[in-house]
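The following note sets out points for a colleague who will be working with this model. It is arranged as numbered paragraphs, to be read beside the structure.

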Amino acid sequence: MFAKQHAIALIVAGVFAAGAQAGEAWVNTATQAHPLVSTLTSAAAKSVGELAAGQSVHVAVTLKLRNKAQLDALTDSLLAGTSHKTLSHADFMAQYAPTPAQVQKVVAHLQKNGFRNIKVAPNRMLITADGSAATAKTAFNATLHHFNVNGRTAFANVTAAQVPQSLGDTVLAVHGLQNVHTFHTTLQKSGVKTLASAKTNSVTGHNPTDFPLIYNASSLPAASNTTVGIISEGDLTQTLQDLQQFEDSAGYSYVQTNVINAGDASSDTDGVGEWNLDSQDILAAAGGALQQMNFYVATSMTNADITAAYNSAVSDGSAKVINVSLGECERDAQSDGTVASDDQIFQTAVAQGQTFSVSTGDSGSAECGSTSGQSYPATSPYVIAIGGTTLSTSGTKYSSESVWNGGGGGPSVIEAAPSWQTKAGVLTTSKTKRGVPDVSFDADPNSGALVVVNGSNQQIGGTSLAAPLFTGFWARIQSAHGNSLVSPNPAIYQYFKANPSLYHDVTSGNNGGYKATASWDYATGWGSLNVANLNTFINSHSGF
């Protein structure tokens, strides 16, 4: 009986696809055929046939922004430091967001082809829906196959995702057609074998409350006027409990938290250590107080669900700084349209005066393994990329930093170098491609943070520590300036070289492919911030 139903479903899917092609031409989206298509005969990845027509598929369809050239000019001026005028959410919706009519056309297309549970994001940039392999085939002319990938069963589209020509100017990409590559966290626990330096008396674990003292931030008021966001996934019940235990031990008042599900709620608790690391270190770096801490929660770590979480933070608009301790090989992110979609989301954040703080990964210079490439979204020109160091201290007094060997860094292979990097003349290996990181903080698990996890302390590092340290410090600086500051990257690249008191230049160590040098480098960027000195500098320089 099942075989008969399966055969009928395939015939129906074929009829629908043929009918759509006959009635209207198909056009490509940014979602390409999965790269596994070129390696079907390899031992590492083999197709085991087309996905069953009834196999569940959850998609996230990203829509193109309107007046893109005008938005590019606006964000270019913000990122060049020539303008500090950001958009209100209302202005963005009126001028650049997809129109209700465009949204309705896409919704009608999804409904016509059998998708259900269709939800439109408040900023109209993303539409999510539930369907099957058959509905994906009819709606997007995309065939999905099962794959055995190094012993793991996954699926991927073996043809590019397309839409009818009438939707070509509206649909940017279609996510959810593959789960071969997904996002991963960037934390490392102490005691796990890494490329990190050996533990010494000066390289030791730290209570998160130490970091404001170490990086000279404790003289600033706490970030009481600033809301921060954390991109997270799964069930946060334990994270919120552990956050309260940490607040009690640190003597902080309870911060107001808000859990915002970007999709269906999930019971996954695999990421508890990550979200605990993020939340506790952000709060400590921020001085023990925030206006609010928002968790933008993905259903899973798939590209479709993480994109929905990014967009949730931007659509909500209340978080001034948003932490992302996640990444994946940028080549993988490009192939399924994630780079196109997420860069558009991050660009919107820049236009609205929001800053995404992104870890550069824990694979040194080799995030993409044997092929070149860095961790995405750290390579996006619309975020600040945070790399990793090994921190040496005397108690809570800063001594020095060297490169943490695991800290991601190097030239992007897909993202063009932004103007603020090319003007600074710091790029060496590839002068036309985005270089990461921009700045760095402690990431070595041997000098990592003592994080409350399931009620007990664990020592955790990775660039998943470095990014929330920046997030908390920048929230503190934002709060001191009425949340009026835009993306810090242009000013950092303009002013740091001539003002060495603003940062700790890291000049020793390497991350595998790149060595630390004086000034900016691919191993640690500019190094770490001297937070109070930077805040004082901003007070007297309108360029920030």
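**Points on the predicted model**

1. T471 has a relative accessibility of 0% and therefore counts as buried. T471 belongs to helix α13, which covers residues 463-480. Beyond its neighbours within four places in sequence, T471 is in contact with V228, I282, V321, N323 and S357.

2. In soluble globular proteins, nonpolar side chains tend to be buried together.

3. With neighbours within four places in sequence left aside, the contacts of F441 include A466, L469, F470 and F473. F441 is also in contact with Y215, with the run I386, G387, G388 and T389, and with E401, S528 and L529.

4. How do the overall dimensions of the chain compare with those of a compact globule? For 544 residues, a compact globule would have a radius of gyration near 24 Å; the chain has 23 Å, so the two agree. The C-alpha trace spans about 70 × 45 × 45 Å along its principal axes. The chain contains 15 helices and 27 strands.

5. Burial and surface may be taken together. Of the 544 residues, 58% count as buried. The accessible surface of the chain is about 19200 Å², and carbon and sulfur atoms account for 50% of that area. As to charge, the chain has 26 positive and 36 negative charges, whose mean positions lie 7 Å apart.

6. Among contacts between residues at least 6 apart in sequence, 79% join residues at least 24 apart. By contrast, the C-alpha atoms of T239 and T86, which are 153 residues apart along the chain, are separated by 33 Å.

7. K64 is placed in the loop between β3 (56-63) and α2 (68-79). Because its relative accessibility is 29%, K64 counts as partly exposed. Leaving aside neighbours within four places in sequence, K64 is in contact with G168, D169, T170, V171 and L172, and also with P98 and Q344.

8. N67 has a positive phi of about 50 degrees although it is not a glycine. With a relative accessible area of 41%, N67 is partly exposed. A positive phi is likewise found at R124, near 65 degrees, again in a residue other than glycine. R124 lies in the loop between β4 (116-120) and β5 (126-132).

9. Is T239 buried or exposed? T239 has a relative accessible area of 0% and is therefore buried. T239 lies in helix α7, residues 237-250. With neighbours within four places in sequence left aside, T239 is in contact with V272, W275, N276, S279 and F295.

10. S335 lies in helix α10, which covers residues 330-335. Its relative accessible area is 6%, so S335 is buried. Setting aside neighbours within four places in sequence, S335 is in contact with A30, T31, Q32 and P35, as well as with H181.

11. Which form does the peptide bond from Y376 to P377 take? This bond is cis, with omega near 15 degrees. P377 is in the loop between β18 (375-376) and β19 (384-394). The peptide bond from V436 to P437 is also cis, with omega near 5 degrees. P437 is in the loop between β22 (433-436) and β23 (439-442).

Terms used
Residues numbered from 1 in each chain as written. Predicted model: local features only at pLDDT ≥ 70, side-chain atom pairs only at ≥ 80, totals over all residues. Heavy atoms only, no water. Helix = DSSP H or I, 4+ residues; strand = E, 2+ residues; numbered from the N terminus. Rg over C-alpha atoms; globule rule 2.2 N^0.38 Å. Buried < 20%, exposed > 50% of the residue type's maximum accessible area, 1.4 Å probe, protein only. Contact = heavy atoms within 4.5 Å. Areas by Shrake-Rupley, 256 points an atom, 1.4 Å probe, with all protein chains shown as cover. Lys, Arg positive; Asp, Glu negative; His and termini not counted. Charge placed at Lys NZ, Arg CZ, Asp CG, Glu CD.
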